[in-house]
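Hi everyone, thanks for making time this morning. I'd like to walk you through one structure, so let me put it on the screen.

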Amino acid sequence: MLTVDFDRLGVGPQTKAIDIGAGQGRHSFEMFRRGADVIAFDQSESDMAEVAEMFDAMTAEGHVPAAAKARAEVGDALRLPYADNSFDVVLMSEILEHIPSDEAAITEMVRILKPGGLAAVTVPRYWPEKVCWALSDEYHEVEGGHVRIYKASELADKLTRAGLEVTGTDHAHALHAPYWWIKCAVGVENDRNPLVKAYHQLLVWDMMSKPWLTRVGEQALNPLIGKSVALYLRKPVTADDAGSR
């Protein structure tokens, strides 16, 4: 289940890419499949160990181009251990809503992105997230939970002030918004609820089978109730950058 459109980021062979807050690696795996040199980066040692195992399995099974490289690294998004202007593509998907010092994380992301490089940042969309918070404190008042709700314009302002240009905006996962509203209404941990179970089965069927009806339906609903908003960005090339080449 991808939130980001990697065609818009031009990810392919020889792209140097990093997925900050990679979690279980869904976006890192897709960039690796496309032939990029990928770093999956997250503070969770257990998640990064599992992602590293999957990278190895993808290579062993021939699911990636021979020249592609990937590794998983553990660290802090507020102190990225990489030089300035290191990456062609930087991704931060569903991470900033968890970070109290979100502007510091954005500054680090911009620092390691090359001039002319592309980025994508995704967060939960404002109004579907507001519904979740209204229905359930348990949804967000947990360790490592969501600490804020973004308006897309607010996030765009923070990214622009940090030195990026917004090149596009999109929405994703409309079918998932009602699922989380139901879970928040009946109890976030209440997976035995019949409505939750039935909706989960629908989502699994959709992800595995990708039927025409749900694919077209979700595309139509994304502008209305897409659970995530994605901002696509570019780091401008300054006169100093051009002169140093």
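I'll talk about the nonpolar cores, then a serine, then a pair of helices.

Please keep in mind that this is a predicted model. Let's begin with the largest nonpolar core, which has 30 residues. The members that touch the most others in it are I18, I20, L96, M109 and L159. Several elements supply at least two residues each, among them strands β1, β2, β4, β5 and β7, and helices α3 and α5. The largest share comes from α3, with 5 residues.

Let's zoom in on I18. Beyond its neighbours within four places in sequence, I18 contacts I39, F41, Y82, F87, V89, V90, L91 and I112. There is also a second, separate core of 23 residues, including V4, F29, M48 and V64.

Now for the serine, S93, which sits in strand β4. Is S93 buried or exposed? Its relative accessibility is 6%, so S93 counts as buried. What does the side chain of S93 make a polar contact with? The partner is the side chain of T122, at 2.8 Å. Setting aside neighbours within four places in sequence, S93 is in contact with T3, I20, G21, R26, H27 and T122.

Finally, the helices. The axes of α3 and α5 come within 9 Å of each other and cross at roughly 50°. On the α3 side the contact is made by D102, E103, I106 and M109, and on the α5 side by K158, L159 and R161.

That's my tour, and I'm happy to take questions.

Note on methods. Residues numbered from 1 in each chain as written. Predicted model: local features only at pLDDT ≥ 70, side-chain atom pairs only at ≥ 80, totals over all residues. Heavy atoms only, no water. Core = buried A, V, L, I, M, F, W, Y, C linked by side-chain atoms within 4.5 Å. Buried < 20%, exposed > 50% of the residue type's maximum accessible area, 1.4 Å probe, protein only. Helix = DSSP H or I, 4+ residues; strand = E, 2+ residues; numbered from the N terminus. Contact = heavy atoms within 4.5 Å. Polar contact = N/O pair within 3.5 Å; in protein donor to acceptor, adjacent residues only side chain to side chain. Axes fitted to C-alpha atoms, helices over the stretch in contact; angles between N-to-C directions.
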